[in-house]
Amino acid sequence: MNLAWQSEAAEVVPSISTSAQTRIDLKSKIDQQMDALKIAIEEAGLAQEDFLQIKADPPGNTLTEQAIYLTSARGLLQRKVAIILQIVGQASTLMTQLLALHKEINEAVISIKEIANSRPTVTPPVECPPGIEFKGESIWETGTVQAVTDGDTVEVKTCRGVLEVRQIGIQATETTKPDHISQCGADEATTFMRKLLPIGSEVQLRASNYASSNNYEEVARPFRTIYAKDSEGKFTIDVQAKLLIAGLSLWFPNSTNEYFHNFEYLSLLNSAAEAKVGFWSKTLCPNDLTPLDAIEVWMNSDSPLSNENPFGEYALLHNKTDKEIDISNWSIRDTSLELRDEKFAFAVGTKIGAGQVLTIYLGTPILNYPLSTGEISFGLISPILQNPTLNSDKFTGDGIYLISPRTIKGGGNIRAWIHRPCIPNECVAPEWLVKNPDGSARAIPLPQTLSMVLNPAKYARKVPDLAGLSAEQVTGALAALDLVAQIVDQSPNSGKATRMVRDLSPKTGTNLPAGAQVKVYVGVSDA
């Protein structure tokens, strides 16, 4: 029966379909402009370097010749900058068109809803078949690829509409965003995915739970594993597995309901790491002058403190070499985006001495337990690392990755990493965790401050209340606690009068390791 509301809606639907295709075309053009902009910026950077070099030391035997070289270099730089401005202008125009198109689509959708609301009450046909259980998951949708957004997100046209699918079990590095340049491996992963899933190719979407989703910018994206067709037309190609085998994805286990592939995908990642491909080659992105294989990492993702206090989550970086390593602007990240490398870059001047260890606490320091030498804190107030499990089918965990600095010219490689749990066996603690570089046993296990928090009676020395004591008494009282007194006399010209305690640094109640120094400010009593 051809009802009036159906005819009205039918007139609007083709315009939405046309607009959707136009949107895909515009997004493709914008991506091309961004690629061109990246190249133009790199070329302009090289032109600027040439110009500055010629300006500082112009070639030529005469001033006239030098002026010619300088003018030529300046002209080249100006042309490169003009190209950048042109590309930016073109991209801006395309973005304006895309925004206008989004508005047009939204208005059309509202129109259809208004028309549909006026329809008579009828029982519509089932739009999609029910999910089919298949090899531990369920097949919820099939469809065709509309676009590959990046290495772990794909737009698929299905019977439920176009879905922005966030793939289960993997985490590609991030492509260019307003707040950061493309991370190492992001472009390679996107290119790999686009070759594996060309626009129009058929895919099958599976998940354990139909409602599983991954939220990004307040949009709930369906969580699915994507399967592509093999040469016989069967959906047997696990797209996520292919990316892991190529070494272009991190492991991203799910602990709630989509844990079916957790163990399998970590095994694939470990195989890729053993084969030293992709990220695990440590040289995926060129122009990286940072040390290679000089640092190893250890992590604890399961906080031993009450209420999962994030101070108990930490990473240790061990300098294996006999030379100091400057890790200014290096960073660490975990599997998720909560500990993203750009947000947690090490401050300029951060160094690890030969054979030494840098401790990185993810949480805020504990009251009255100041950080020791060689320790830093990220100051998080909530735990973010996923606890490892070996004794359940969920098989969850997390990873820590040490990343060299990223610039528009390259770098940003993963230089060291560790996953918890380790397979097939649990991780074996390295010797440098319990011994000093000279082979002697550590007085306090690493990480030092956390060890004092967990066992203050054994490792910590609480600074006592020294009020009313003389300088001589202070020295003895602190020596009895294996603490060293540094007396600071604030009244040096008062003859032989007895000096009494006025202040302490650190304050009374502070826990310190044996041998630590307490600065004691003394002076003649005012009485």
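Contact here denotes heavy atoms within 4.5 Å. In the predicted model, Gln 146 is found in strand 2, which spans residues 137-150. Leaving aside neighbours within four places in sequence, Gln 146 is in contact with Ile 24, Glu 155, Val 156, Lys 157, Val 162 and Ile 199. The relative accessibility of Gln 146 is 14%, and the residue therefore counts as buried. Its side chain is also joined to that of Thr 144 by a polar contact of 3.4 Å.

The average pLDDT of the protein is 87, and 90% of the residues score at least 70. Among the elements of the protein, the highest mean pLDDT, 98, belongs to helix 4 (residues 239-245), whereas the lowest, 68, belongs to strand 7 (residues 213-216).

Strand 18 (residues 398-403) and strand 21 are paired in the antiparallel sense, with six bridges between them. Within this pairing, Ile 403 stands opposite Ile 414 of strand 21. Strand 21 itself, formed by residues 414-420, is mostly covered, six of its seven residues being buried.

Phe 263 belongs to helix 5 (residues 262-275) and Phe 395 to the loop between strand 17 (375-380) and strand 18, so the pair ties together parts that are 132 residues apart in sequence.

A cis peptide bond, with omega of about -5°, joins Leu 446 and Pro 447. Pro 447 is located in the loop between strand 21 and helix 6 (448-454). Ser 505 and Pro 506 are likewise joined by a cis peptide bond, for which omega is about 5°. Here the proline, Pro 506, lies in the loop that runs between strand 24 (499-505) and strand 25.

Positive phi values occur in residues other than glycine, including Asn 287, whose phi is near 60°. This asparagine is placed in the loop between helix 5 and strand 11 (295-300). With a relative accessibility of 59%, Asn 287 counts as exposed. Asn 329, also not a glycine, has a positive phi of about 70°. The loop that holds Asn 329 lies between strand 13 (325-326) and strand 14 (331-334). Asn 329 has a relative accessible area of 43% and is therefore partly exposed.

A further loop position is that of Gly 515, between strand 25 (511-513) and strand 26 (517-524). The relative accessibility of Gly 515 is 51%, and because exposed residues are those over 50%, Gly 515 counts as exposed. Not counting residues up to four places away in sequence, Gly 515 touches Asp 482 and Val 484. The C-alpha atom of Gly 515 is separated by 8.9 Å from that of Ala 479, a residue 36 positions away along the chain.

Definitions and conventions: Residues are numbered from 1 along each chain as its sequence is written. This is a predicted model: local features need pLDDT of at least 70, side-chain atom pairs count only at pLDDT 80 or more; totals for chains, interfaces and linings use all residues. Side-chain values use heavy atoms; hydrogens and water are left out. Helices (H or I, at least four residues) and strands (E, at least two) are DSSP runs, numbered from the N terminus. Buried means under 20% relative accessible area, exposed over 50%, partly exposed in between (1.4 Å probe, protein chains only). Two strands pair if DSSP finds at least two bridges between them. pLDDT is the predictor's confidence in each residue, from 0 to 100. A polar contact is a pair of N or O atoms within 3.5 Å; within protein, one must be able to donate a hydrogen and the other to accept it, and residues adjacent in sequence count only if both atoms are side-chain atoms.
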